[in-house]
Amino acid sequence: MITVESLTKCYGGATVVDGVSLAIERNSITAIVGTSGSGKSTLLRMINRLVEPTSGRVLLDGHDTRDEPAYLLRRRIGYVIQGNGLFPHRTVAENIATVPRLLGWDARRIEARVRELLEVFSLDPATYAQALPYQLSGGQQQRVGVARALAAEPAVLLMDEPFGALDPIIRTKAQEDLLDIQRRFATTVVLVTHDMDEAFRLADHVAVMSGGRLLQYDRPAVLLTRPADPFVSRMTGLADRAMRLLSLVTAGEVALPGASDGPAVAPTASLRDVLSELLWCGADSARVVDADGKPRGRLTVAAILAHGRP
Amino acid sequence: MSSAGLRALPLSGAALTRIDPLGAVLTAAGAAALLFLPFVVFKSNRIVPGDPRSLMEVLPAWGALGFAALLAAAAVAALWVADARVRLVLAIAGVVAVALAAAAAGDALTPPGDKIVRISPGGAFWVLIVALGLLATDAATRLSPGPAQRVLFLAGSLAVVVLALAHGTFDHLSVVREYSVNAVRFAHEARQHLKLAFGSLAAAAVVGLPLGVLCHRIPRVRPGILATLNVIETIPAIALFGILMAPLGALAAAVPLADRLGIRGIGAAPAVVALFLYSLLPIVANTVAGLTRVSRAAVDAAHGMGMTGWQVLTKVELILALPVILTGVRVVLVQNIGMVTVAALIGGGGLGAFVFQGIGQTAIDLVLLGAIPIVTLAFSAALVLDALAEVLDRVKA
């Protein structure tokens, strides 16, 4: 649980973050979105005190983050940045071991943890543990950056435009990996991005910022159906908001009892994908079938369309 | 290797037109020197001007013939052979042959048991050594050896020279004669030379590194500090020694402890202070340049993961800046090894003492006894530090 209480940051006369308050639930993904200069990165960096607030405070599980030295606080919080910031003079294994070493873990525990993380991120330890960062591809470097942030099992992971430098295919893969990792380690993720698709895809809650102020902080569907401000609608996009709304609901959540001779879809597929499939096949309804082949009901075009209205 | 060399030999007119330009210049210089300059000079004592002696006079017929054949082969390689390995081997063989010929001339011209006559290498000797040395350097550069190979080659060459000297190969040559007369003093002055050069470097590193970090952290102070160091760099060494004499002399007079520690207006103290001041600019400027080069993302990540400010500086920033800082250290070390020579003028000691004593006595061999080790030291320091910077930089490519 991260509680941000009327956080403000001024540089000289300019107020970069202006009285922002929000409560971030444990074990969730929160995206902070906004245009450049909206103060979203500064807000993120005040959580681990890379930027010290001018006023206001941040509570982590009820404890003020200023109660301990900033460097000790940061060892408990994972941190991933755009361009990954790997140490070019250290091997992949040494990079991942950075925080465990700072915390004084013994060598055997560090080695086991590094090996585990390399395997989680599909990097063969025999090939990659002793490699230097420049020998890896961009996508691999990015994965090592996330593995390094997770090394000491932090409860909170802060990510500042983590996928900004990746090409679209690798970015999609990295986003899927992040969702897996978040479920697997039950981490609370706070992610800064200017990519609305990324925010909708990953986040349980989205905070929209503009000019240093927090305009709206809610679930993605609420941002679409009840935008608090014209700027929020512009950010979320007016033209395809119905499709965005459909992309937030999965087939398994809204399948109705009954049979269908239409195409089979997985319960995890979004309504947007199911609709697309139905359009493609020219069918009126789809069969929802889970991974073991067990039928879970059906979805008609009419039922799907109903979910695309506010 | 030899077959490659043979294949490249000039067998057609077309090959003749492809003469290596550097080889042509070096061959012309070597040939002219052999024709018009003496190879060795015979002097009845160390101060009088000597009589030139040609190689034919001093070497047995087979020796002179072999020597000429080897030089001719080196010339052919320099002019027409493209294979750098052939060029390197023949150039090194040439250097060794020239050195051995001079040693043989020394042995042949020195009357048995005589300690007064001096056999000095003449103009032809020096031109040939320089020409063949350049040929070898050029060939070695074309082979682009790795840092370890370069250091090993240097160590091997120095070991061969030291072994030859210890064995007495060059005992009858004038410079070695001067050495044997001054052996105890030479050891002392050489130690003093190294102490002054490395001592001022160490002091400059201890002060310059923090100053460089300060300039990097607080951009406001950077122009002032760098401008001051730039001005110091422009003061001529002799003038700086003079400027330092008054305050250090006054300090010695006022504080007896300083005097007892050797801090006086003349001697080693002003030399060390002057060299220290000259050394600061390269160290500070390169520390700033090196730190600026460090990836900002890596530094941000280091802070973000909970390194303390000191850990970020020592474990990330300075290590990543090290190759650039080492380039500064290399500049300083080579500069200091050269400039310590002048310290002898104010009683600071060092190998410069032989140089200035030799100039005073018009004893050129004594000048060489100081100058040759200084050049060798500076060259070796540059080579080793270059290799080190390259190794460190490669890791972080």
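In chain A of this predicted model, 63% of the contacts between residues at least 6 apart in sequence join residues at least 24 apart. The secondary structure of chain A consists of 15 helices and 13 strands. Chain A also touches chain B, through 19 residues of chain A and 17 residues of chain B.

**Overall dimensions of chain A**

- The radius of gyration of chain A is 21 Å, which agrees with the value near 19 Å that a compact globule of 310 residues would have.
- Along the principal axes, a box of roughly 60 × 55 × 35 Å holds the C-alpha atoms of chain A.
- Buried residues make up 41% of the 310 residues of chain A.

**Contact between chains A and B**

- The contact involves 17 residues from chain B and 19 from chain A.
- On the side of chain B that touches chain A, the elements giving two or more residues are helix 15 (296-304) and helix 16 (309-343) of chain B.
- Helix 15 of chain B supplies the largest share of that side, with 6 residues.
- By type, the residues on that side of chain B are 10 nonpolar, 5 polar and 2 charged.

**Helices 7 and 8 of chain A**

- Helix 7 (residues 138-150) and helix 8 (residues 168-185) of chain A have axes that come within 11 Å and cross at roughly 20°.
- Angles under 35 degrees count as roughly parallel, and helices 7 and 8 of chain A are therefore roughly parallel to each other.
- Their crossing is right-handed.
- Helix 7 of chain A contributes A:Gly138, A:Gly139, A:Gln142 and A:Leu150 to the contact, and helix 8 of chain A contributes A:Ile170, A:Ala174, A:Ile181 and A:Phe185.
- The residues of this helix contact comprise 5 nonpolar, 3 polar and no charged.

Methods
Residues are numbered from 1 along each chain as its sequence is written. Chains are lettered from A and ligands numbered from 1 in the order in which they are written. This is a predicted model: local features need pLDDT of at least 70, side-chain atom pairs count only at pLDDT 80 or more; totals for chains, interfaces and linings use all residues. Helices (H or I, at least four residues) and strands (E, at least two) are DSSP runs, numbered from the N terminus. The radius of gyration is taken over C-alpha atoms; the globule rule is 2.2 Å times the number of residues to the power 0.38. A residue is buried if 20 or more other C-beta atoms lie within 10 Å of its own, exposed if 12 or fewer, and partly exposed in between; C-beta atoms are placed from the backbone. Two residues are in contact if their C-beta atoms, placed from the backbone, lie within 7 Å. Ala, Val, Leu, Ile, Met, Phe, Trp, Tyr, Cys and Pro count as nonpolar, Asp, Glu, Lys and Arg as charged, and the others, Gly among them, as polar. Axes are lines fitted to C-alpha atoms, for helices over the stretch in contact, and angles run from 0 to 180 degrees between N-to-C directions. Angles under 35 degrees count as roughly parallel, over 145 as roughly antiparallel, 65 to 115 as roughly perpendicular and the rest as oblique. A crossing is left-handed if the near helix is turned anticlockwise from the far one by less than a right angle, and right-handed if clockwise.
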